[in-house]
Amino acid sequence: MKYVILTIVALMIAGIGATDVKECKKGQPFPLDVEVVGCEEMPCDIVKGTTIVMYVHFVGTKDNIRELNAVVHATTLGITVPYELPKEVASVCDNLMYGAICPIDKTEDVVYKFNFYVESTYPEIPVSIQISLIDAEGDSIACFVCNIKVKKGATKPLLLE
């Protein structure tokens, strides 16, 4: 009984701050939760020229995952294109939180801090972003979709009083 109560409490804590993202269409494993900082419900409003921070809490789906990379595809107006990430962002193993390291084993739960920079030249339109965490064999370990609305930032510096 104590284990059941602790599990329920842990799941409630994990759900705090979670963003309501969608599952990928091809049945890839879905993360335990995703927190898009500053966004609880999609579409997330994103300012051009800023970095979106996402915490992706997922579970290893097989043993000894030594290499894991984030792969992003953006879809808008019916067109899907890959979105290249810098190596230091795409490397999941280099961005694990709370002391976790690769290799990741089956059933091990970890959190990946994903920093997604939105170029200042990005058009101001709604975009669906699919983020897949892919291992060295090309298998998806976790996948989710986040809808965003890209917006223009302030044209003048804001004065804080």
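This is a predicted model: local features need pLDDT of at least 70, side-chain atom pairs count only at pLDDT 80 or more; totals for chains, interfaces and linings use all residues.
Residues are numbered from 1 along each chain as its sequence is written, and side-chain values use heavy atoms, with hydrogens and water left out.

**Fold and surface**

The protein chain has 2 helices and 9 strands, taken as DSSP runs numbered from the N terminus (H or I of at least four residues for helices, E of at least two for strands). Along the sequence, these elements follow the pattern α-β-β-β-β-β-β-α-β-β-β. Of the contacts (heavy atoms within 4.5 Å) with a separation of 6 or more, 65% are between residues 24 or more positions apart. The accessible surface, from the Shrake-Rupley method with a 1.4 Å probe, comes to about 10,100 Å², and 57% of this belongs to carbon and sulfur atoms. Buried residues (under 20% relative accessible area, with exposed over 50% and partly exposed in between) make up 35% of the 161 residues.

Leaving aside residues up to four places away in sequence, F58 touches residues including L68, V92, I104, L133 and I141.

**Salt bridges**

The structure holds 5 salt bridges, each a side-chain nitrogen of Lys or Arg within 4 Å of a carboxyl oxygen of Asp or Glu.

| Pair | N to O distance |
|---|---|
| D45 and K151 | 3.6 Å |
| K48 and E124 | 3.3 Å |
| D135 and K62 | 2.5 Å |

D45 lies in strand β3 and K151 in strand β9, so the pair ties together parts that are 106 residues apart in sequence. D45 is partly exposed at 47% relative accessibility, as is K151 at 36%. The residues D135, in strand β8, and K62, in the loop between β4 and β5, are 73 residues apart in sequence. D135 is buried at 5% relative accessible area, whereas K62 is partly exposed at 24%. Both residues belong to a network of salt bridges that links K62, D135, E137 and D139.

Conventions
Buried means under 20% relative accessible area, exposed over 50%, partly exposed in between (1.4 Å probe, protein chains only).
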